[in-house]
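Subject: the structure for you to look at

Hi,

Here is the structure I said I'd pass on. Have a look at it below, and then read on for what turned up.

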Amino acid sequence: MSAPDDRWPRSVYHRGTEPDPRFSLANERTFLAWVRTGLALLAGSAAVDALELPLADAVETALAVVLALAALVTATVAWRSWALTERAMREGRPLPSNPAMAVVLLAVVVAALVLALGTLTGG
């Protein structure tokens, strides 16, 4: 087991006091759930790119790019949210909000609308 001084990232672990491990582990599980969501968005991007959908090629490409970018943003924001939450717990401050929720919501809404309109209009 590593000593507390050896843990990374130092910007998180070198502040405040150790919180209850249950809270840190819950924060880590939340981070991993957001990473899984990013992977699902990335898989959706690959599927849109690979499948023959009733959409124009430019629309398919744009949708695949939007989903891939949403995956990238979700993973990045998830990391930042984990760090900010862990730091807040260590310093006894209120927990921050998670902006990844808005990114995922927007990506899913855009994908659903594009696919629904493409299906209704036949491409």
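First, a cut-off: a residue counts as exposed when its relative accessible area is over 50%, as buried when that area is under 20%, and as partly exposed in between. Asp49 has a relative accessible area of 57%, so it goes down as exposed. You'll find Asp49 in helix 2, which runs over residues 21–50. Before going further, please keep in mind that this is a predicted model. While you're at Asp49, try the distance to Gly92: the two are 43 residues apart along the chain, and their C-alpha atoms are separated by 46 Å.

Now the inside. Which residues touch the most other members of the largest nonpolar core? They are Leu41, Leu63, Leu67 and Trp82, out of 20 residues in that core. Helix 1 (10–13), helix 2, helix 3 (57–91) and helix 4 each give two or more residues to this core. Helix 3 is the biggest contributor, with 9 residues. As a general point, nonpolar side chains tend to be buried together in soluble globular proteins.

Trp82 deserves a click of its own. Setting aside neighbours within four places in sequence, Trp82 is in contact with Pro9, Val12, Tyr13, Asn27, Glu28 and Phe31.

That brings us to the rings. The whole structure has 4 aromatic pairs. One of them joins Phe31 and Trp79 edge-to-face, at 6.0 Å centre to centre with 75° between the planes. Phe31 sits in helix 2 and Trp79 in helix 3, so this pair ties together parts that are 48 residues apart in sequence. Phe31 counts as buried, at 18% relative accessibility, while Trp79 is partly exposed at 35%. Taken together, ring pairs link Trp8, Tyr13, Phe31, Trp79 and Trp82 into a cluster.

Next, the charges. There are 5 salt bridges in the structure, and I'll go through some of them here. Arg7 and Glu18 meet through their side chains at 2.3 Å, N to O. Arg7 belongs to the segment before helix 1 and Glu18 to the loop between helix 1 and helix 2, so the bridge ties together parts 11 residues apart in sequence. Both ends are partly exposed: Arg7 has a relative accessible area of 21%, and Glu18 one of 48%.

What else does Glu18 form a salt bridge with? The partner is Arg90, with the closest N and O atoms 2.9 Å apart. Because Arg90 lies in helix 3 and Glu18 in the loop between helix 1 and helix 2, this pair ties together parts that are 72 residues apart in sequence. Is Arg90 buried or exposed? It counts as buried, at 4% relative accessibility.

Arg22 and Asp20 also meet in a salt bridge, at 2.4 Å, N to O. Arg22 is exposed at 59% relative accessibility, and Asp20 is partly exposed at 25%. As for shared partners, salt bridges join Arg7, Glu18 and Arg90 into one network.

Last, the surface. Leu105, Val109, Leu113, Leu117 and Leu120 make a nonpolar patch of about 530 Å² there. Val109 is found in helix 4, residues 100–121, and counts as partly exposed at 38% relative accessibility.

Cheers

Notes. Residues are numbered from 1 along each chain as its sequence is written. This is a predicted model: local features need pLDDT of at least 70, side-chain atom pairs count only at pLDDT 80 or more; totals for chains, interfaces and linings use all residues. Side-chain values use heavy atoms; hydrogens and water are left out. Patches are made of residues with over 30% relative accessible area and no salt bridge: like charges are joined within 9 Å, nonpolar side chains (Val, Leu, Ile, Met, Phe, Trp, Tyr) within 5 Å. Accessible areas come from the Shrake-Rupley method with a 1.4 Å probe; for residues, only the protein chains shown count as cover. A salt bridge is a side-chain nitrogen of Lys or Arg within 4 Å of a carboxyl oxygen of Asp or Glu. Helices (H or I, at least four residues) and strands (E, at least two) are DSSP runs, numbered from the N terminus. Buried means under 20% relative accessible area, exposed over 50%, partly exposed in between (1.4 Å probe, protein chains only). A nonpolar core is a set of buried Ala, Val, Leu, Ile, Met, Phe, Trp, Tyr and Cys residues joined through side-chain atoms within 4.5 Å. Contact means heavy atoms within 4.5 Å. Rings of Phe, Tyr and Trp (its six-membered ring) pair if their centres lie within 6.5 Å; planes under 30 degrees apart count as stacked, over 60 as edge-to-face and the rest as tilted.
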